[in-house]
Amino acid sequence: MRQIKVGVIGFGTVGMGTVKALWNQKEEIEKELGVGVKVVKIVDKEWMIGRPMVVPPDIKSSDPSEVIDDPEIEIVVEAMGGIDPAFDYVSQALARGKTVITPNKELIAKKGRELFQLSAENETDVYFEGAVGGGIPIIHTLKEQLLGDDILEVIGIVNGTTNYILSEMSLRKTSFEKALEDAKRKGFAEPIPTNDVEGYDSTYKIAILATLCFHGRVDVEKVYREGITRILTDDIEYARELGYTIKLLAIARRIGEDIELRVQPVLLPLSHPLSTVFGVENAIYVRSRTRDLTFRGPGAGGDATGSAMVGDIIDAIRNIKYEARGRVGCTCMRDLTVLPMESLISQNCVRVLALDVPGVLGKIASEFGNSGVSLSAVKQPVSTPGKLTNIYFLTHRIQERNIQKAIQSIQNLDVVKDVYAIRVEDGES
Ligand SMILES: NC(=O)c1ccc[n+]([C@@H]2O[C@H](COP(=O)([O-])OP(=O)(O)OC[C@H]3O[C@@H](n4cnc5c(N)ncnc54)[C@H](O)[C@@H]3O)[C@@H](O)[C@H]2O)c1
Ligand SMILES: N[C@@H](CCO)C(=O)O
Ligand code: NA
């Protein structure tokens, strides 16, 4: 039986999950494909750190060239994360005609163009099912099954760490810091967790989804981004009173030939299907001219992502076996223009931290009015005369540029310490 050799670079949460899933499924895969599959080298730069997995010493290495330059290794798993040196390693592997499997959304979002060009030139493939929605088979679905569909929008909860944090804050009143610590311990968080909580990870994922859904490249720098670090448990409480929950959504919506593209915490109606996605679970909602689809499942973690990576390995083995490498190339044909945020229209929930003194509400309300923003509700959860207190204002639907103008002028009031706005997501722009 022919043996396909696999090399792994990066043996952390996902690297281990992938090798574990491959070893677990090895017999089944070999029986199914009629091809042997063997992990022959695992490279990591920090073997000193203990791992919950035993690896034969002869396949351990700290030298990536033992994978990249080994002509017998046909499939390279890159699971180290980041751009530098992952981009170089992946480029070198592709240049040598190897198939690359990676869960690295930053790499695909920022360097996809170069990598797909390189894989096309070398008639090989780059697979990245683990990069979006962890264990949810969304990439394969969009690239193959939905390729012919006319997709209008894709909305996702695509970061497990932030969804876990918001869920813990909402369901158990856990503090932000404690929930983040839990997410790190469980292996959901990125090597640099700022990438999760400040929304960067979601921008990479929505750039990838938009590229696949709208068949055009998206410049990841153009994705509007807000993280969840300013959300308070009180915000979630007030949102619930109004019939909403707070979720970090990644949204890509086609408007004419252009797209709306943003990552931000939003007030989402409790009746919306994504409002009941809790913890590390992710969900991706796709609306096309012919159908509405929701994909839901574990968005992070070694086991779920490892399984997705093994799905890619199986596809890669088939391509190699039937000499069909290069089969799943890039599906983007043009560059997409991203609309400026100022033109978007929505309701907003604005939290104002102000001194609780006579006339404060009037002063703030006038500034909303002066900026052309009309209000639909006001709430002051605790009243502590003379002290700083949070007051919530719910606006009617209005253009983003008016909201920004109102925020600016409210911020300038001497009784105001801080202003923060959360958009209401109602499915319209
Ligand atoms: N953790 C998840 O649930 C998850 C899910 C989907 C995708 N991802 C992506 O998977 C990738 C890896 O994430 P992770 O959570 O497994 O991270 P991790 O920190 O657990 O593992 C990364 C491993 O790579 C090693 N490494 C880093 N730089 C290296 C280098 N230059 N040479 C050799 N080894 C190196 C580290 O020592 C570490 O063992 C990232 O791109 C991440 O975005 C993670
Ligand atoms: N850190 C990421 C891993 C999965 O891509 C998350 O929390 O969703
Ligand atoms: Na996936």
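Is K105 buried or exposed? Good morning. K105 counts as buried, because 27 C-beta neighbours lie inside 10 Å; the cut-offs are 20 or more other C-beta atoms within 10 Å for buried, 12 or fewer for exposed and partly exposed in between, with C-beta atoms placed from the backbone.

The model is predicted, so local features need pLDDT of at least 70 and side-chain atom pairs pLDDT 80 or more, while totals for chains, interfaces and linings use all residues. Residues are numbered from 1 along each chain as its sequence is written, and chains are lettered from A and ligands numbered from 1 in the order in which they are written.

K105 lies in helix 4, residues 105–121; helices are DSSP runs of H or I with at least four residues, numbered from the N terminus.

I turn to ligand 1. Of the 28 residues around ligand 1, G10, G12, G81, P103 and A300 come nearest; a residue belongs here if its C-beta atom, placed from the backbone, lies within 6 Å. Helix 1, residues 13–33, supplies the largest share of this shell, three residues. Ligand 1 lies between domain 1 (3–133 + 302–329) and domain 2 (139–298), because both give residues to its shell; the domain bounds come from an automatic or database assignment.

Finally, the whole protein: buried residues make up 45% of its 429 residues, and its C-alpha trace spans about 80 × 45 × 35 Å along the principal axes.

Notes
Helix = DSSP H or I, 4+ residues; strand = E, 2+ residues; numbered from the N terminus.
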